[in-house]
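Welcome! Please take a look at the sequence and the structure below, and then let us walk through a few places together.

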Amino acid sequence: MVKNNQIHKGTINWFGKASRISDIQHIDILITRKVRLVEEQLAYNSMGILKFFSSKEKYNSIITFYSIMNLDEVLHYRRSVRAYDRTKLIDPERIKHCLELATLAPNSSDMQLWEFYHITQPELLAKVSRACLDQKATSTASQIVVFVVRRDWYRKHARFVLDFERENIRRYSPKERQAKRIKNRELYYGKLMPFVYARFFGILGLFRKLLVNIISIFRPIMLEVSENDMRVTAHKSCALAAQTFMIAMANERYDTCPLEGLDSRRLKRILKLPHGAEINMVIPCGIRDGNKGIWGERCRVPFDEVYRRI
């Protein structure tokens, strides 16, 4: 039974069986997902009763799918899976939704200098796999997502964020503070961001580096402003989006494997990317084929060696 839009711990009898479903909350979230398995439907009637319509053979998979994992379980479920079951298809709309969630990742100055290429066409999948050295993770993947860094979009995105911030401040800030806050944003996104992201054969980066090192004599200031430093910044932000995507995929019980071993020049040519774009990583997607693509237990150095409480 469902009360107050929540499913409490209990059992659902189906074809004479009983299975416990726990930790599923907010049925409205499940409905708005619009998840469609092959022939399954989730119905929620006015009496507040959940009914699953499916063939008897798919019973167990439905029960497993709708058992929501907590964050600990999601993180332990996610593995770098290097071989996928070709017979198990994945829904491209659910992958698209996970990419939408990836855009919620934290990123430097909200510049969002990233782009996602969701590869679903079989002939293109084969070409991308070839550019990724035909590793088993890409050759068996149902779909592939390529994360791309777009530093060449810095002016466009700075203007976009500035326009958003102006409206955001007008809507939520006290009137007496709006003018000052808008002025600060105009300085930051109208002047500073274009200045620190601008490139000209490394010369502008050297000038910025010299400038901030002189200023740092008198007060603290960010020193990583060379053209290569800003490249690292953009790639870190894109990597945060990629990690968020992989966690979202694990929550859907889909598997991924981040790859950096690839021919970036060949891949850029396949995707018709401009010179200013850079490949951040490639993430094959699918459903694990048992334990074939999982190489035993995770290898992690002892936590005490990397943890410092001061």
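Let us begin with Arg185, which is placed in helix α8; helices here are DSSP runs of H or I with at least four residues, strands are runs of E with at least two, and both are numbered from the N terminus. This is a predicted model, in which local features need pLDDT of at least 70, side-chain atom pairs count only at pLDDT 80 or more, and totals for chains, interfaces and linings use all residues. Residues are numbered from 1 along each chain as its sequence is written, and side-chain values use heavy atoms, with hydrogens and water left out.

Arg185 counts as partly exposed because its relative accessibility is 28%; buried means under 20% relative accessible area, exposed over 50%, and partly exposed in between, with a 1.4 Å probe and protein chains only. Not counting residues up to four places away in sequence, Arg185 touches Leu162, Glu165, Ile169 and Gly190, where contact means heavy atoms within 4.5 Å. Val161 is 24 residues away from Arg185 along the chain, and their C-alpha atoms are separated by 9.1 Å.

## Two helices side by side

How do α7 and α8 pack? Helix α7 (residues 154-172) and helix α8 (residues 175-197) meet at an angle of about 170 degrees, and their axes are 10 Å apart. Therefore α7 is roughly antiparallel to α8, a term for angles over 145 degrees. Axes are lines fitted to C-alpha atoms, for helices over the stretch in contact, and angles run from 0 to 180 degrees between N-to-C directions.

Among the residues that make this contact are Leu162, Glu165 and Ile169 of α7 and Arg185, Tyr189 and Tyr197 of α8.

## A covered strand

Turn now to strand β8 (residues 143-150), where 8 of its 8 residues are buried. On one side lie Gln143, Val145, Phe147 and Val149, and on the other Ile144, Val146, Val148 and Arg150. In a regular strand the side chains alternate between the two faces of the sheet.

Strand β7 (residues 114-119) pairs with β8 in the antiparallel sense over 6 bridges; pairing requires that DSSP finds at least two bridges between two strands. Glu115 stands opposite Val148 in β8. Strand β10 (residues 277-286) also pairs with β8 in the antiparallel sense, over 8 bridges, and there Val282 is the bridge partner of Val146.

## A buried threonine

Finally, visit Thr233 in helix α10 (residues 227-251). Thr233 counts as buried because its relative accessibility is 11%. Leaving out residues up to four places away in sequence, Thr233 touches Ser108 and Tyr197.

How values were computed. Angles under 35 degrees count as roughly parallel, over 145 as roughly antiparallel, 65 to 115 as roughly perpendicular and the rest as oblique.
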